[in-house]
Amino acid sequence: MDTARLQTYRTMLVDLQATLESELEQSRAEAAPVALDGTMGRISRGDAMQAQQVALDVRRRREQRLLRIGTALRRIEEGSYGQCGRCQSAIGGERLDAFPDVVLCVRCAATPRR
Ligand SMILES: [Zn+2]
């Protein structure tokens, strides 16, 4: 992959990383443990716990994506970016444009890990 393209992906990844980090920051309060006192106003404790569960799932997915972005940025430095992590073939440009943090090619992503 040429340097200009790598630079483009690096910029996309860094932007994505910043967005996810600020979203994580904002969602910290939502994912906080549900208070045990009865000061929650109109929503019930059950609703609050459900909302917290959803917030935690969202956080977990964002954290996983941040890890993948970190890996992708490291692979740019190492010169292995754009290469499938399993079969080593090149990941399609359109796929990288849509998801710059993918580590598997379309074929490997569709094949369950054995
Ligand atoms: Zn592959």
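## Helix packing and core of a predicted model

Helix 1 and helix 2 are roughly antiparallel to each other, in what is a predicted model. Their axes come within 10 Å and cross at roughly 155°, and an angle over 145° counts as roughly antiparallel. The crossing of the two helices is left-handed.

| Element | Residue range | Residues in the contact |
|---|---|---|
| Helix 1 | residues 3-27 | Leu6, Tyr9, Arg10, Leu13, Leu16, Gln17, Leu20, Glu23, Leu24, Ser27 |
| Helix 2 | residues 45-78 | Ala55, Val58, Arg59, Arg62, Arg65, Leu66, Ile69, Ala72, Leu73, Ile76 |

By class, the residues of the contact of helix 1 with helix 2 comprise 13 nonpolar, 2 polar and 5 charged.

The largest nonpolar core consists of 8 residues, namely Tyr9, Leu13, Ile69, Ala72, Tyr81, Ile91, Leu96 and Cys105. At least two residues of this core come from each of helix 1 and helix 2. In soluble globular proteins, nonpolar side chains tend to be buried together.

Tyr81, a member of that core, is in contact with Met1, Leu6, Tyr9, Ala72, Arg75 and Ile76 when neighbours within four places in sequence are left aside.

Gln88 lies in the loop between helix 2 and helix 3 (93-98). Is Gln88 buried or exposed? Gln88 is exposed, because 10 other C-beta atoms lie within 10 Å and a residue with 12 or fewer counts as exposed. The phi of Gln88 is near 70°, a positive value in a residue other than glycine. Most residues other than glycine have a negative phi.

Methods:
Residues are numbered from 1 along each chain as its sequence is written. This is a predicted model: local features need pLDDT of at least 70, side-chain atom pairs count only at pLDDT 80 or more; totals for chains, interfaces and linings use all residues. Axes are lines fitted to C-alpha atoms, for helices over the stretch in contact, and angles run from 0 to 180 degrees between N-to-C directions. Helices (H or I, at least four residues) and strands (E, at least two) are DSSP runs, numbered from the N terminus. Angles under 35 degrees count as roughly parallel, over 145 as roughly antiparallel, 65 to 115 as roughly perpendicular and the rest as oblique. A crossing is left-handed if the near helix is turned anticlockwise from the far one by less than a right angle, and right-handed if clockwise. Two residues are in contact if their C-beta atoms, placed from the backbone, lie within 7 Å. Ala, Val, Leu, Ile, Met, Phe, Trp, Tyr, Cys and Pro count as nonpolar, Asp, Glu, Lys and Arg as charged, and the others, Gly among them, as polar. A nonpolar core is a set of buried Ala, Val, Leu, Ile, Met, Phe, Trp, Tyr and Cys residues joined through C-beta atoms within 7 Å. A residue is buried if 20 or more other C-beta atoms lie within 10 Å of its own, exposed if 12 or fewer, and partly exposed in between; C-beta atoms are placed from the backbone.
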